[in-house]
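The sequence and structure are shown first.

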Amino acid sequence: MRTSISTVLIALFLLCSSVTSFAVSADEVSPEQWQKTIKTLKQLNITHKTDVKKALDLSSQNKVQLTGKLAQLKKAVSNTDIQVHTLTARYQKLIKDEAKLTALLKSRREEIKTFEGTVRTAAKLMQDRSRTSFYTQQNPERLAAFATLLAPDRMPGLTDLTRLIEMYFNELQATADVSRYSSTIIGSDGQPMDVEIIRTGTSSAVYQSSTGEAGFLQLTGDGTVSQSVNGISSQLSGTISAAFAGEQFLPLDFSHGAAFIRFIAEEDTWKKIAAGGALVWPILGIGAIALLLAIERFITLSRLRRSSPKELTVILEHAEHGEWEECHTLLEKRSTPTARVLNSTLKKAQGSAAALEKGMEEALMIELARMERFLPTMQTLAAVAPLLGLLGTVTGMINTFQVITLFGTGDPHMLSGGISEALVTTQLGLAVAIPIMMLHHLLNSRVDRLANDMEEKGTALIATILNRR
């Protein structure tokens, strides 16, 4: 279109130029020039007609294309209108369905609540049953389903109901099973122990450790952990070991250890002390050593006698008269500490007052060392015994926390091992230390009385010797 307009403008420009030239010099133009100009104008006319035809053809093509596009758009708009109408109708239908379902749900809400309550009650019963079933101890993953079944903010669905029914069937099937497997239990000392277990049904299980220890099991906490039953006799333990070897019928305990509680109450003192762990034996050793030392000191000190006032009077009379040989003879006949101190003092009778006092003090030191023998040791043992008990307390508490880390705090029985170790060692340490301290005090008092007697009579002898001079 632009090309045709440009061609027309150029033709008009040339025509004007020719007319102008013609007007200016019409007399000077030759016929050949006129012919040439006319030919040029005809050529320009032909070219112009061609361009106009092309422009008209192009315009027709554009019109056809635009007409097609317009038809397509009208068709698309029509389809969109149909879809909107369809969706609107569907939306209205869904609103009506929702209203119907809401009304139906409202009318059946009570039935749904009844169903939900029934399912939750059945799940709770199954959970309680699982906590007392040894099948749970063998398959602890089954407890994970109860978190979904008993969730208060979620209604159990068909899948949950199917799983609950399967759990009931599995529990029923397990009541007729005898299964043998390996697991970890809490031993009689409260420590974890790897054992082999034979489960009979869901209510009875026995174990045997690699060291030969055997017994019944009882469940603790949520039923995933089992603990050794205390109070089982050695004969019954041997029967269980024979059952593991296939030599005896397997004994059953459907009471979960309750039948052996009274035997636990009759447990002897040594077993209670042994529950304190390894530190019990050093404390008992300290007690035994202290007892032997106390007996030795009692025997030794009970043989020592103080000198009577009458004997001292006779010796002092001989000393006033300078009868040293008679004094030595009398004192050597006596095997008392006081006699030995006086005899040692008399050996310095010819010396100065300082020599006399030194002689008496040397003799006193020798006699005191003999009498106080082992008493510092007893005092040290009396101090070490409660410290060992305190160490056992710390060890027991550490073991308790380890059990809590592994199995939680769901069952106090699981913590009994560490707590027993903590309390028994403390009690035993104090029970050993207190008698040792009392014995030490009695023996030390006896030594003090003998020392006072020696010092008193030695001082009297020195005063008599000095007065005689």
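## Strand pairing and helix packing

Strands β3 and β4 run antiparallel and are joined by three bridges; strands, like helices, are DSSP runs numbered from the N terminus (E, at least two residues, for strands; H or I, at least four residues, for helices), and two strands pair if DSSP finds at least two bridges between them. The model is a predicted one, in which local features need pLDDT of at least 70 and side-chain atom pairs count only at pLDDT 80 or more, while totals for chains, interfaces and linings use all residues. Residues are numbered from 1 along each chain as its sequence is written, and side-chain values use heavy atoms, with hydrogens and water left out.

**Overall content.** The secondary structure comprises 16 helices and five strands. Of the 469 residues in the protein, 33% are buried, where buried means under 20% relative accessible area, exposed means over 50%, and partly exposed lies in between (1.4 Å probe, protein chains only). Contact means heavy atoms within 4.5 Å. Among contacts between residues at least 6 apart in sequence, 67% join residues at least 24 apart.

**The strands.** Strand β3 (residues 204-209) has six of its six residues buried, so it is largely enclosed by the rest of the structure. Ser204, Val206 and Gln208 point one way from β3, while Ala205, Tyr207 and Ser209 point the other way. Strand β2 (residues 192-200) pairs with β3 in the antiparallel sense over six bridges, and in this pairing isoleucine 197 has tyrosine 207 as its bridge partner in β3. Tyrosine 207 also stands opposite glycine 215 in β4.

Strand β4 (residues 214-220) pairs in turn with β5 over four bridges, again in the antiparallel sense. Threonine 220 has valine 225 of β5 as its bridge partner. Both faces of strand β5 (residues 225-228) are covered: Val225 and Gln227 are buried on one side, and Ser226 and Ser228 on the other.

| Hairpin | Residues between the strands | Glycine and its phi |
|---|---|---|
| β2 and β3 | three residues | glycine 201, about 65° |
| β3 and β4 | four residues | glycine 212, about 95° |
| β4 and β5 | four residues | glycine 221, near 65° |

Isoleucine 240 lies in helix α7 (residues 234-244) and is buried, with a relative accessible area of 0%. Neighbours within four places in sequence aside, isoleucine 240 is in contact with Val206, Tyr207, Ala214, Gly215, Phe216 and Pro251. Isoleucine 240 and proline 251 are 11 residues apart along the chain, and their C-alpha atoms are separated by 6.8 Å.

The axes of helix α12 (residues 324-333) and helix α13 (residues 337-346) come within 9 Å and cross at roughly 155°. Here axes are lines fitted to C-alpha atoms, for helices over the stretch in contact, and angles run from 0 to 180 degrees between N-to-C directions. The two helices α12 and α13 are therefore roughly antiparallel to each other; angles over 145 degrees count as roughly antiparallel, those under 35 as roughly parallel, 65 to 115 as roughly perpendicular and the rest as oblique. The contact is made by Trp324, Cys327, His328, Leu331 and Glu332 of α12 together with Ala339, Leu342, Asn343 and Leu346 of α13.

Helix α13 also packs against helix α14 (residues 353-371), at an angle of about 150° and with the axes 8 Å apart. The helices α13 and α14 are therefore roughly antiparallel to each other. Pro337, Arg340, Val341, Ser344 and Thr345 in α13 meet Leu356, Gly359, Met360, Ala363, Leu364, Glu367 and Arg370 in α14.

**Two partly exposed residues.** Threonine 329 lies in helix α12 and is partly exposed, with a relative accessible area of 39%. Threonine 329 and isoleucine 315 are 14 residues apart in sequence, and their C-alpha atoms are 10.0 Å apart in space.

Phenylalanine 374 is placed in the loop between α14 and α15 (375-407) and is partly exposed, with a relative accessible area of 25%. Most residues other than glycine have a negative phi. Phenylalanine 374, although not a glycine, has a positive phi of about 70°.
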